[in-house]
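Hi everyone, thanks for coming. Let me put the model up on the screen, and then we can walk through a few spots together.

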Amino acid sequence: MSTLHGWSGSPAVRVAVQLPPAARAGVVVVPPLGQEGVIAYRTLRLLADRLEARGVAAVRYDPSGRGDAAPDTDPHAQVRSAGHAAALLRSTGVERIAFVGLASAALIAAEAAGDDDALVVWDAPASGRAWLRGQRALATMTIGPDRVVDGYETLVGIDLDAAEADVLGALAYTPRSAPTVAFVREGAPAPRALGPVERIEVTGSAELLDRTSMHARIPDAAVDAVVSWLDTWAPAAPVPVREPALHEVLDVDGRVSERMVRIGPEALFGIETVSSAQHHDAPTVLLHNGSAEHRVGATDYQVALARDLARDGARVLRIDRRGTGESSVVRADERDFMFAQEWIDDQSAVVDALDVPPERLALVGMCAGAWLAGRAVEEAPRLVVEISPNDYRRTPAAPGSYADHVRAVDSPSARRLRVRELYNRWVPERLRARIARRDRVGGVVSHVRPLVQHGTDVVLVVAPEDAELFDRLGGRRAVKRWSGQVDVVRVPEGDHALFSPAMRAAVRAEVRSRVAATFPAHV
């Protein structure tokens with residue numbers, strides 16, 4: 001598959017355009033909001049791949065103000081960005097346009113689609129008001145009631161000011177005469193306000209959307225059903241197309257700029273952020289995503305952090321490892337590379353490509369990315385910052401094996417529950433702790449020792465749930481033994497996933513201060 005990456009418009013959206021040599025039609029793949037967009041990212045890439053294989057062009061994008069796009073405070077940015085993506089497709093010569101919206105994106109797609117455009121809504125909420133009400137209830141349960149900070153309300157994976165919340169809450173469907181279809185779960189209705197549209201039941205939506213990113217499964221049959229409908233809708237005859245005009249560099253604020261890169265033998269996708277005032281000996285900071293998550297939803301804190309660090313004087317690279325975001329081919333049966341050797345190899349390849357002396361290198365990672373940063377022993381970075389670490393194993397897992405283990409724990413059989421009960425009853429707590437340190441989660445001392453011995457300073461930023469594991473697996477001993485080289489920062493009001501605005505703010509402030517203190521000459 002061929003994908004053109006770049007930025008377009010002002011404020012710029014970050015786009016990925018998939019363009020066959022001649023195209024029968026074009027599809028705007030609208031990104032869902034917040035955590036829904038995190039979970040669905042690879043599924044929507046697979047959708048675009050299969051459309052391209054059938055001669056249908058597609059554009060995926062981060063709307064301005066979100067993800068890797070330019071900053072934007074316009075409350076209408078979501079719908080405006082969808083319209084810009086359609087205009088970009090038309091600039092290639094494509095004449096027929098369809099909008100596809102999964103989950104919350106269905107509301108935006110319906111609002112952006114013109115009277116002559118086709119519309120596909122998939123697992124659509126009833127209205128913007130219903131979606132907002134459900135997200136607020138979920139956020140209260142997940143984060144707590146105190147979710148408004150500096151005028152922004154935090155939902156699960158997205159912060160909204162009052163104006164944008166009003167705009168999204170007011171989104172509603174209207175009856176359509178152009179080709180329209182609603183893909184729904186078994187027994188679920190199509191959005192009534194669309195009028196008498198075609199309704200198709202598909203499986204797999206729950207397995208994709210109702211789980212965490214680690215547990216989510218690409219719904220292969222549902223993707224095929226959407227592609228088949230669009231294939232039937234698209235004209236049979238293709239038309240010649242030309243490449244759209246895209247910006248290779250994003251000027252963030254007149255001082256900080258970004259460019260997209262491909263790195264290493266696996267051609268990993270990344271974005272490099274630099275400052276016009278950057279010193280030639282500036283430190284380089286490599287940012288790792290959590291889990292297999294791209295920089296949308298709550299994990300777009302990386303974007304703000306990268307731009308902050310560049311303003312401070314650092315060179316910053318945020319990278320998609322294999323199986324993440326824009327890197328590697330998407331397969332319907334792909335398994336998460338959780339804590340796997342492949343990710344260690346990817347990190348080594350990226351560091352080699354950066355060609356930075358170890359004394360000017362910092363690695364920052366969250367969750368599984370924290371574990372990966374802690375594996376950089378041979379690279380000997382000057383600084384490692386681990387955000388929300390929850391695994392201290394030294395031996396990598398086989399691809400997908402960790403996710404399978406978690407699924408077994410989250411949905412245990414009756415036999416497993418009985419064994420767990422007996423184990424907890426009869427095995428002394430001290431012995432259970434020793435076994436845990438030798439099991440998959442390892443121990444903090446053995447985790448940080450190789451880094452410290454290579455001269456690396458290690459900082460761990462932990463919310464209460466991760467602090468408990470850190471203490472149980474010998475974290476206090478590690479801090480005491482290597483005082484000055486190992487430090488732990490506890491965020492009492494934080495959370496593991498960084499849904500909490502307090503946790504994200506603490507992470508950004510801590511990383512900036514640690515980088516500045518470690519590399520004082522040029523930051």
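Is phenylalanine 339 buried or exposed? Phenylalanine 339 is buried, with a relative accessible area of 1%; buried here means under 20%, exposed over 50% and partly exposed in between, with a 1.4 Å probe and protein chains only. A word on the source: this is a predicted model, where local features need pLDDT of at least 70, side-chain atom pairs count only at pLDDT 80 or more, and totals for chains, interfaces and linings use all residues. Residues are numbered from 1 along each chain as its sequence is written, and side-chain values use heavy atoms, with hydrogens and water left out.

Back to our phenylalanine. A search of the whole structure turns up one aromatic pair. Its partners are phenylalanine 339 and tryptophan 371, edge-to-face at 5.3 Å centre to centre, with 80° between the planes. (Rings of Phe, Tyr and Trp, the last by its six-membered ring, pair if their centres lie within 6.5 Å; planes under 30 degrees apart are stacked, over 60 edge-to-face, the rest tilted.) Phenylalanine 339 lies in the loop between β18 (315-319) and α9 (341-354), and tryptophan 371 in helix α10 (residues 368-373), so the pair ties together parts 32 residues apart in sequence. Helices (H or I, at least four residues) and strands (E, at least two) are DSSP runs, numbered from the N terminus. Tryptophan 371 is buried too, with a relative accessible area of 1%.

Now, strand β16. Seven of the eight residues of β16 (residues 268-275) are buried, so this strand is largely enclosed by the rest of the structure. What does β16 pair with? Strand β15 (residues 256-263) runs antiparallel to β16, joined by eight bridges; two strands pair if DSSP finds at least two bridges between them. Isoleucine 263 stands opposite leucine 268 in β16. The hairpin of β15 and β16 has four residues between the strands, and glycine 264 there takes a positive phi near 80°. Four bridges also join β16 to β18, again antiparallel, and glycine 270 stands opposite isoleucine 319 in β18.

Finally, two arginines. Arginine 321 lies over the face of tryptophan 343, 3.9 Å from the ring centre. The charged end of arginine 481 sits over the ring of tryptophan 482, 5.3 Å from its centre. The rule for both is NZ of Lys or CZ of Arg within 6 Å of the ring centre and within 35 degrees of the ring normal.
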